[in-house]
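Here is a short note for someone opening this structure for the first time. Please read the points below with the model in view.

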Amino acid sequence: MPEKPPREVKYLATLPVNILLNAVLIIPFAIMIYLAFLKWSPAMGMPWWEAPIIGLTNFARALGDARFIAALGRTALYTVGVVAIEFFLGLALAYTMLGDFIGKKAAIAITIYPLMLPPVVVATIFYLMFQSYGPVNNLFLRAIMGEEALRIYWFLKPDTAFITLLIADIWQWTPFMFLIMYSALSAVPKRLVEAAEVLGARSFTIFWRVRMPLIKPLIVVALVLRGLEAFKMFDYAFIMTGGGPGITTETVSMYIYRTAILYTDISYAAAMSLMILAMIIVIVRAFIWYFFEKGR
Amino acid sequence: MKSHGTRILLSALKYIAIGVFVLWVLIPVAWVISLAFKPYAEWRVSYFIPKNFTWNNFVVLFKSEAFVGIMGATAIVEPVTKPLVNSLAVTSFSTIIAVMIGFFTAYGASRYNTPGPFGLFFTLLTRMLPPATFVTPIMVYYSNLRLLDTHFGLIMLYSAVTVTYGIWILKGFIDAIPIEWEEAAMLEGATPIKTLFKVVLPIARPGLVVAGLFIFLLTWTELLFALVLTNVYAVTLPVHISKYVGAVGQLYGPQAALALIGSVIPIAIGYAIQKHLVTGFTFGMVRG
């Protein structure tokens, strides 16, 4: 195959994707950078290109905005919490399912079921599960606590509302970790494990010293991809708690959405978006360096 | 070596652990299925099998009516028909666009390294960054272009944010096609474009199907963009669900029925491409 692409193939391979990404993503992105330095809201009655430039005021405001900082901290806590729990659950489950057993195919098919559901549907499911007469109270807690359980209102207290969000996320995305860990563990060559067994290593040692080092790159991929997804979280909070009670379960995504849509404070929302983007790009860049460039 | 007894104990523990996890997955699903077929009087009971089986929860969803008097919930809800048709149309068109553009780009990337490594990583960024950070400028941009609440606007946006998956999934498939076949076609006098369409495209068809179904799954489930960019005319199914569950109060039965309607297509697609789910979700970084 020639090194240089024929002209028509080159155009076909680069033009459509460039047009699409430029028209739909790059131009709005450029607009956003400009908006962040303006003082503009549609309510001001002028198009955004005529609005006054106020420099870094929006960014300074974000740094002093307790609601923004709280949402950021809450989203970070949420991300770390769900990713850690999902990782350990997924890894344990993948390890348990590694060998052959009766009904393995069915068990895997059921395990990955939540992964395919739309997040809005998962949010609806757990909205229904955690109603005061839902099965969580009416079936499980009632068996332990008696009639008291029916008076638990999960969505009316900040802590319990936050827990329902964690549970919804863990329910839906543990299968994601499971799938990656399972395909990683299955790919570990059998002869390595058998060799270690012959040498008398215990199964814990084999897991820690033989399997883990081999699947480490995939663990990094899984953690980073899941972490980025969890940080985006919007659907569960929007449907299950509405960010409430009050604003106590509001995530960064929700706060930006509300600033832009409800409060129509466009330029402030743009400034916050840029700050979040900068943070994440640093993390993604480090990830790409670690995974693709180090040692090549 | 382990004794016989420990081995039996270990395998029993294994079955119990797997059983517990299977129940943890199944119970919420079972509850929603049961709610969807229960009449109003049974929404607050603890048993799962409905005593008086009813289709009414589904029927209600397709009617436009004010829910007055059911548990004090008063709301006028649009029938689910329009969001369902909108979702099908928007998702299908944007999937086709994303897969075709993804295919051309993947071919260039696989055979000629065209966009360069930086260009390919740039496409990854569009998927890794939170959609919420793009919502503000896209709303402003679309309102200037008068694309708000149109199918066309949604289709373009969805193709742009999912084309990454098209590129990365298809690149894996095209990399696996022996390059000699194309060279043979070119020696026979086929132009590069003809080779692309007559040789590569037919062989890569399974890849196109997998990429298409995966992108369909992702687009079908997307909420935030549709929530911001649609209002009345182009409302999609996730937006309809979010309005229905948030605002209508405690209409458990119809809400559960709606959740079931929203999950039929993604579940069918998910099991059809079960083997490729890992590849899809990790942009081909992990082979399934």
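Predicted model: local features only at pLDDT ≥ 70, side-chain atom pairs only at ≥ 80, totals over all residues.

**Notes on the two-chain model**

1. Chain B contains 13 helices and two strands. Of its 288 residues, 48% count as buried. Among the contacts in chain B between residues at least 6 apart in sequence, 72% join residues at least 24 apart.

2. How many residues does each chain give to the contact between the chains? Chain A supplies 79 residues and chain B supplies 76 residues. On the side of chain A that touches chain B, the largest share comes from helix α1 (residues 7-35) of chain A, with 18 residues. By class, that side of chain A has 66 nonpolar, nine polar and four charged residues.

3. One helix pair runs across the two chains. Helix α6 (residues 119-129) of chain A packs against helix α12 (residues 252-272) of chain B at an angle of about 150 degrees, and their axes are 9 Å apart. Angles over 145 degrees count as roughly antiparallel, and α6(A) and α12(B) are therefore roughly antiparallel to each other. The crossing of α6(A) and α12(B) is left-handed.

4. Which residues make the contact of α6(A) with α12(B)? From α6(A) come Val120(A), Val121(A), Thr124(A), Ile125(A) and Leu128(A). From α12(B) come Tyr252(B), Gln255(B), Ala256(B), Ala259(B), Gly262(B) and Ser263(B). Seven of the residues in this contact of α6(A) with α12(B) are nonpolar, four are polar and none is charged.

5. Tyr127(A) also belongs to helix α6 of chain A. Is Tyr127(A) buried or exposed? Tyr127(A) is buried, because 24 other C-beta atoms lie within 10 Å, and 20 or more are enough for that class. Leaving aside residues up to four places away in sequence, Tyr127(A) touches Ile239(A), Met240(A) and Val245(B). Tyr127(A) and Thr241(A) are 114 residues apart along the chain, and their C-alpha atoms are separated by 8.3 Å.

6. Helix α6 (residues 151-175) of chain B and helix α9 (residues 205-220) of chain B pack at an angle of about 150 degrees, with 9 Å between their axes. That angle makes α6(B) roughly antiparallel to α9(B). The crossing of α6(B) past α9(B) is right-handed.

7. The contact of α6(B) with α9(B) has ten nonpolar residues, four polar and no charged ones.

8. Leu141(A) sits in helix α7 (residues 135-145) of chain A. Leu141(A) counts as partly exposed because it has 15 C-beta neighbours inside 10 Å. Residues up to four places away in sequence aside, Leu141(A) touches Val136(A), Ala149(A) and Ile152(A). Leu141(A) and Trp48(A) are 93 residues apart along the chain, and 54 Å separates their C-alpha atoms.

Methods
Residues numbered from 1 in each chain as written. Chains lettered and ligands numbered in written order. Axes fitted to C-alpha atoms, helices over the stretch in contact; angles between N-to-C directions. Helix = DSSP H or I, 4+ residues; strand = E, 2+ residues; numbered from the N terminus. Parallel < 35°, antiparallel > 145°, perpendicular 65-115°, else oblique. Left-handed = near helix turned anticlockwise from the far one by under 90°. Contact = placed C-beta atoms within 7 Å. Nonpolar A, V, L, I, M, F, W, Y, C, P; charged D, E, K, R; others polar. Buried ≥ 20, exposed ≤ 12 C-beta atoms within 10 Å, placed from the backbone.
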